[in-house]
Amino acid sequence: MPLNPDAIGKKIGPLTKDYTWKDVVLYALGVGAGFKELEYCYENNLKVIPSFSIGAVFEFLASVAMESNVNLAGILHAEQDIIFHNPIPPEGTLTTEGTITHIYDRGPDKGALVVAEAVTYYSNGKRLFTNIFTLFGRLDGGFGGEKPPSEKIEFPDRAPDHEERDLPTPDQPLIYRLSGDIFQLHVDPNFAKAAGFERPIMHGLCTHGFACRAVIRALFPGEPERMTRFKTRFSRPLYPGTPIKTQIWKLEEGKAVFRTVNDETGEIVIDQGIVEWMSREEMQKRLSRQGIRFDGRVAIVTGAGGGLGRVYALELAKRGAKVVVNDVGGARDGSGEGSMGPADKVVEEIKALGGEAVASYDSVATPEGGEAIVRRAVEAFGGVDILINNAGILRDRSFGKMGVDDWEEVIKVHLMGAYNVTRPAFLKMREKGYGRVVMTTSAAGLFGNFGQANYSAAKMGVVGLMNTLKLEGEKYGIKVNTVAPLAGTRLTEDVLPEDLFERLKPGYVAPMVLYLASEKFQETGMIFNAGMGHFSRVAVVQGPGVVVGDGSIVPTPEELQRSWESIDNLEGAEEYYNATVALGPMMEAVSGGGGGVGEVSGGLTVRGVFERMADAFQADKAGGVDVVFQYRISGPGGGDWYAVIKDGECEVREGLHERPTTTILMEEGDFLALMEGRLNAMSAYTSGKLKIEGDLMKSQLIEKLFKF
Ligand code: NAI
C-alpha cells in the first residue's frame, strides 16, 4: 500500500502519559548519566535531561507511522528537532497532540520523508515542548510527491571548540529500553542478525540522549533548563560499548552545531546537530514570570472542606499541586457524625477548574486517622511534599467551666492532630529530601484570649512542635513554618465585625500559606500573621538579662526584686534559633566573659565570630597557603562571610566570594557550638551538621589557621 497523502493535517492525540521521578532517573541512567551528573539521577532537586521529552511521544511516533502508511519494513527515524518552551518538571502528566505536516518524495529508490509535529503540555496547561519528527520510508519513494527542501549545516572549518567523550556500556540498550522503546533490534541477538547486524545495536535515541548530555556538559553545565532547541539527524548505527565523542562548535552565544562520532572508526552517528540555549538572565526572567508554582507537588490540606482550608486547597491546585482535601465534615465544636459532603464538594470544585484532587474523610484527631490521610496522598499521587495542618474546632468556655472533655477534644484536633498527620508525612518528606509543613496557630495562643484556654494551649503547642521540627527537618530540606490567620469563617462568625466581611475573606490569608508552602520559601521556624491584606511576623525573643549576685551564693527574691528593671528589660532582645544558642548569653554572662562560651566574645553571635576571625588568624601557620574559605551560615543570626588567606595574611569580609576554594555550610547554632569547641568538626561533618563544598582537603586547614 502506498503512502497516504490524506494523512497530512490529520490530528493525532491527545495522548497522555503519567511519569514519576523514577521514570526521569531511569531515562537518565539509560543515556549514561551517573554520579558525575547526579542532578539527573537523584530525586532530591532532580533535573530532567531535555531529551527525555522524546519518551513522552513514542506513542505519537507510532501513530504517525500508522496514519501515514509508511512501509514498516523500511522505516527509520531520520531527524528529530525539539523546541523547549518551559523546563520539564520531574513528575506529572504530559499530554501530546499534533499532526503530520508533510510527506516528501525523494524519488524512486530514494525513499520518502514523513514529517510530523507534536506539542506537549503539562497537566497545568503549560506548553513544555514541541517535537518535529522526520521519519524516513526507505521503500516508499517515487510516488510523485513534493521534493523535500534541502537543509545542510556546514561545520566550521576549524577544530571543534569542545569534544565530549562518553562510553556507552555494552549493556546500555538493556537499560534504555525500559524507558519505552522495546524494539527487539536492541535486545534480541537473533533479531539483530536477521536485520543484518552482528549483534543488537544502540537505540538512535539513546545515543541522542548521550549527545544531549554532552552538549549541556560543555555549554551550560548543570543547567539543562536553559536548552531551547536540540536538533539531530541520525546517520549511522552504533554498537553498544563503543566509545563516542560529541564534537561541538559554538557559533555564537546561545547557538552551537555538533555531531557525535564513533571514536573507534571516526564514523558520524549523529549529524547536523543544532543546539540553542538561553542566557542565565533570560532563564531567571522566565522563572520569575512563572511565579510560585506547585507543578508535580502533592499537598495535603487538613480541614479543607470549608473556611480557610478550602481556599488553600483551591489555590494550591490552581497553581499545579495535586491536593488531598481532608475534612471530617463535622460541626464547629467537633460534635456529630461528620460527613463526606464538604471534602467531596471541594474536590469537585478543583476538578471543575481542571486541577487534580482526591478527598479524605479521616479525622486528624487520631494517629490512625493521620496515617490514613498520608496514605491517601501516597496511594493517589505517590508521595507528599506539602502539608498544611489546618483542621480545627472550638469549644470556648471560661476556664472555671471548662470540663476535661472540652479541653481534650480541642487539644486532640489541633495539637494531637498536628502530630498525627505531620509524623507520617514528615517520614515521607525525609525519604524524598524535600518538604514544606505549615502549622496553624492563632492570636489566642500567641497572646491569649478570654474563654479559649484549651484552644490557646493547643495553638501554642503547635508552635513548640514547629520549633523542634524545623531543626529535625533541616538536613532533609523540610521547612516548617506557622501561620496565624484572621478570616471570617464559621469559627469566627460570631466574633468578627460584619462590616469588615469583604476584607476578612480567607482569600486574603491564602497567599501567605502558599508562599510558606512553596519551594521559593527558604526560611524555617517562622510565625506570620495574615489577614485582611496585612502581614507581619511574630517571634519569641529573649532580653539581655542580668546576673544577680556574684554566682557564689543563690540570690534572694528580694535581690531579684531590686534588679527587676534589668531582668524585665527587653531592650536589645534577640530571637534565637534553638535552645542551645538561646542559652549562650546566660552561659556567657555567668562565666564572666572568660573561658568556655565566653571565649567567643561579642555576644556569642555569628557576626561576632567573623569580626574576630582576622585576629584569631595564626599567620605563622599560613606559610604557602593560598585559599578562600566561604562560610554560609543559616538561621536568623547567620549570613555569608568569606576569609581570603594569601601571602600569610587573612582578610575577612561579609558576602559571597566569586571563587571560593572551600565553602562551609552550617546552621548558626551548630556553627557557634563548633567555634566554642562543644562540637567536634569531624562528628559535625559525619552527622551532616557541617557541609563542605569545593576542596574538602583544604577545609582541614581551618582548625590549624584559626585559634579563638
Ligand atoms: P472552619 O471551621 O471553617 O474550618 C475548619 C475545618 O476543619 C472544618 O471544615 C472542619 O470540618 C474541619 N475539621 C474539624 N475537625 C477535624 C478533624 N478532626 N479532622 C479533619 N478535619 C476536621 O474554620 P477556619 O476558620 O477555616 O479554621 C481553619 C484553621 O485556622 C483552624 O485551625 C483555626 O483554629 C485556625 N484559625 C482561624 C482563625 C480565623 O480567623 N478564622 C483565626 C486563628 C486561627
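Over which residues does pLDDT stay under 50? That stretch is residues 593-602, for which the model has 19 contacts beyond four places in sequence. Here pLDDT is the predictor's confidence in each residue, from 0 to 100, and a contact means heavy atoms within 4.5 Å. Where pLDDT is low, the predicted coordinates should not be read in detail.

Welcome to a predicted model, in which local features need pLDDT of at least 70 and side-chain atom pairs count only at pLDDT 80 or more, while totals for chains, interfaces and linings use all residues. Residues are numbered from 1 along each chain as its sequence is written, and side-chain values use heavy atoms, with hydrogens and water left out.

**The chain as a whole**

- The average pLDDT of the protein chain is 90, and 97% of the residues score at least 70.
- Along its principal axes, the C-alpha trace spans about 110 × 75 × 45 Å.
- The protein chain holds 21 helices and 23 strands; these are DSSP runs numbered from the N terminus, with helices (H or I) of at least four residues and strands (E) of at least two.
- Of the 708 residues, 47% count as buried, where buried means under 20% relative accessible area, exposed means over 50%, and partly exposed lies in between (1.4 Å probe, protein chains only).
- Among contacts with a separation of 6 or more, 70% join residues 24 or more positions apart.

**Domains**

- The protein chain is divided into domain 1 (5-285), domain 2 (292-524) and domain 3 (606-705), with bounds from an automatic or database domain assignment.
- The centres of domain 2 and domain 3, taken over C-alpha atoms, are separated by 40 Å.

**A buried phenylalanine**

- Phenylalanine 230 sits in strand S7 (residues 227-234), and it counts as buried because its relative accessibility is 0%.
- Beyond its neighbours within four places in sequence, phenylalanine 230 has contacts that include Gln80, Ile82, Phe84, His208, Cys212, Phe258 and Val275.
- Proline 200 is 30 residues from phenylalanine 230 along the chain, and their C-alpha atoms are 26 Å apart.

**A nonpolar surface patch**

- Val547, Leu583, Met586, Met587 and Val590 make a nonpolar surface patch of about 470 Å².
- Patches are made of residues with over 30% relative accessible area and no salt bridge, joining like charges within 9 Å and nonpolar side chains (Val, Leu, Ile, Met, Phe, Trp, Tyr) within 5 Å; a salt bridge is a side-chain nitrogen of Lys or Arg within 4 Å of a carboxyl oxygen of Asp or Glu.
- Leucine 583 belongs to helix H16 (residues 579-590), and its relative accessible area of 43% makes it partly exposed.

**Backbone points to look at**

- Most residues other than glycine have a negative phi, and most peptide bonds are trans.
- The peptide bond from glycine 13 to proline 14 is cis, with omega near 5°, and proline 14 lies in strand S1 (residues 11-19).
- Aspartate 109 has a positive phi, near 65°, and is found in the loop between strand S3 (92-105) and strand S4 (112-122); its relative accessible area is 80%, so it is exposed.
- Aspartate 647 also shows a positive phi, of about 50°, in the loop between strand S20 (639-646) and strand S21 (649-654); aspartate 647 counts as exposed at 71% relative accessibility.

Terms used: Areas by Shrake-Rupley, 256 points an atom, 1.4 Å probe, with all protein chains shown as cover.
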